[in-house]
Amino acid sequence: MQINSFEEYQRNYQLSVDQPEEFWARIADNFLWKKKWDKVLSWNFSEPNIKWFEGAKLNITENCLDRHLAENGDKPAIIWEPNDPQKDSITLSYKILHEQVCRFANVLKKNGVKKGDRVCIYMPMVPELAVAVLACARIGAVHSVVFGGFSAKSIADRINDAQCRLVITADGAFRGNKQIQLKEVIDDALIGCPSVEKVIVLTHTRTPVSMLKGRDIWWEDEIKLVDTNCPAEEMDAEDLLFILYTSGSTGKPKGVVHTVGGYMVYAGYTFSNVFNYQPDEVFFCTADIGWITGHSYIVYGPLSQGATTVIFEGIPTYPDASRMWQVVEKHKVNILYTAPTAIRSLMSFGLQPIEGVDLTSLRVLGSVGEPINEEAWHWFDENIGKSKCPIVDTWWQTETGGIMISPIAFVTPTKPSFATLPLPGIQPVLVDEQGNVIEGNDVSGNLCIKFPWPGMLRTTYGDHERCKQTYFSTYDNMYFTGDGCLRDVDGYYRITGRVDDVINVSGHRIGTAEVENAINMHAGVVESAVVGFPHDVKGQGIYAFVIFPNAHGDEDLTRKDILQTVTRVIGAIAKPDKILFVSGLPKTRSGKIMRRILRKIAEGDTTNLGDITTLLDPAVVDEIIEKAKK
Ligand code: PRX
């Protein structure tokens with residue numbers, strides 16, 4: 001299923017458009033099914049109702065583990081690199097990983113988890129996180145992984161939304177020179193989560209934790225009580241595999257739902273092709289498993305292809321800015337998949353951290369999560385890839401399950417900061433505000449996809465109407481991505497950023513409404529408005545305009561109080577970079593905040609604010625501009 005020339009790409013692409021069912025059936029034949037499908041695809045985008053490989057039976061863990069055992073049982077499946085470089089790394093072969101997954105799957109069963117039950121996972125980046133994820137999939141439980149940076153309240157909201165029965169966590173996590181008390185956060189979260197019956201706690205940092213009788217149990221104790229024999233549950237292709245929460249325009253994050261068959265095929269196919277993965281290569285994706293990138297390209301994609309995948313617990317700048325490159329050297333990484341924000345941050349340390357580090361193992365470089373600026377692209381290309389490694393700038397989303405628009409390494413000619421061309425099976429269209437499809441090249445518009453692909457979301461958990469409204473109602477019969485995009489003279493796509501009220505901070509999606517709700521929870525805040533602004537390292541930063549009548553006493557302290565409130569409500573990742581106290585917000589006569597104006601002010605561009613005559617009180621704009629200058 002690997003594409004090896006541009007001509008082959010074109011042929012495959014055409015086939016995928018002309019005969020999508022034949023195309024995807026042929027790809028799906030490369031996977032292990034307990035029973036093949038009756039129908040490849042049935043769909044409509046109006047309800048929406050999307051089914052891939054209907055009638056097929058499988059278990060994704062048999063594809064990620066069992067099928068590799070006979071020939072590649074001793075091959076490394078996971079290489080774990082700890083936060084502290086002085087500590088030993090750990091390698092798990094496919095055989096060992098299979099054993100650990102089966103054993104832990106039995107622990108879940110013993111603790112009452114059944115097919116279809118939801119399990120929340122809140123863990124550090126350790127091999128046991130992958131084991132926990134795969135153990136859920138083994139028995140047909142639906143995992144909902146929550147990134148370690150979210151607050152107790154965020155976790156509680158997610159647990160309650162999915163009605164999780166069990167939580168898997170650890171005592172704590174190491175991140176650079178910090179320790180995060182994961183179990184303590186879970187304890188706070190669970191005060192308001194009646195659906196949770198059991199909490200399995202892995203020891204990792206060995207910080208003291210409270211263990212509640214009847215509810216909390218140790219991972220290490222539990223695995224001693226079960227054996228390693230756990231036949232894989234037979235799943236329908238359209239059974240739920242996981243829920244992953246992501247931010248949108250409204251205040252409440254939504255649980256994006258992916259199903260077993262289509263997701264597996266799409267994650268595996270895109271992994272194998274985009275990165276041109278070769279047997280015995282080491283693949284290193286620097287994302288956290290708490291995000292979709294980690295789900296698809298640390299766990300499911302690589303393992304489904306029998307690859308060796310690196311799990312890195314630490315951060316690129318600890319103990320110093322050479323760490324990521326050291327990891328590449330140490331584990332002879334062949335494919336490095338990272339985010340523009342990491343590249344920009346490491347760029348700022350100059351070339352010294354790379355000096356003397358052997359990066360010759362690298363063959364392919366990848367970028368994901370946000371637009372990559374040309375400067376960062378060239379720096380990555382010249383200094384890391386030594387101008388020999390193709391860079392795949394991969395555009396996709398939590399909702400798409402896998403990479404959508406991207407070069408295929410060694411196949412698609414690249415162009416800095418362009419995601420280039422759609423992968424086979426993906427039919428992008430650009431649409432204007434009125435919903436007209438924009439034909440031709442050298443144009444820009446809102447990016448939509450007009451035909452289903454196996455990895456797409458099926459619903460938003462517990463609220464199908466929301467899925468319909470968010471993605472399928474803006475434009476008829478199309479999936480709306482929320483991104484703006486241009487198609488250049490060569491037909492190459494360049495993603496220009498979100499066109500909705502979502503901001504992308506260091507590759508993390510954050511809804512402005514979510515941050516506003518959090519700020520407004522502070523007792524002294526009357527109202528707030530949040531917008532994104534260009535940030536040298538993070539891509540976008542968070543700028544909050546806040547009406548806080550009594551902030552005059554000690555503005556700095558009040559700012560810190562607000563940051564603390566946001567940290568409590570969402571998590572540290574949503575803390576505003578700038579907070580400006582204002583006496584009013586620019587509103588139309590109907591009471592709508594004119595964010596366009598605030599965005600301009602946040603960008604520091606106040607020369608052309610556009611028409612402000614419709615504002616209720618235009619004077620407020622001058623006041624904000626004055627304050628923002630200080
Ligand atoms: O705006 C796009 C941006 O990230 C959004 C998706 O975020 P999330 O669901 O968290 O998934 C991130 C990892 C797949 C998109 O709507 N984005 C993602 N990749 C790129 C990108 N923007 C520009 N170029 C990319 N390569």
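Predicted model: local features only at pLDDT ≥ 70, side-chain atom pairs only at ≥ 80, totals over all residues.
Trainee: In what order do the eight strands of the open sheet stand?

Mentor: Strands of a sheet pair through backbone hydrogen bonds, either parallel or antiparallel. Here strands (E, at least two residues) and helices (H or I, at least four) are DSSP runs, numbered from the N terminus, and two strands pair if DSSP finds at least two bridges between them. The order is β12-β11-β8-β6-β7-β14-β15-β24, with mixed pairing. Because β12 (216-218) and β24 (459-460) each have a single partner strand, one side of each lacks a neighbour in the sheet.

Trainee: How many bridges join β6 to β8?

Mentor: Four bridges link β6 (residues 118-122) with β8 (residues 166-170), and the two run parallel. I121 stands opposite I168 in β8.

Trainee: Which residues come nearest the ligand?

Mentor: A residue is near a molecule if its C-beta atom, placed from the backbone, lies within 6 Å of it. Of the 22 residues around the ligand, P371, W395, Q397, T398 and I495 come nearest. Two or more shell residues come from each of α10 (292-304), β20 (391-394), β25 (479-487) and β26 (493-498).

Notes:
Residues numbered from 1 in each chain as written.
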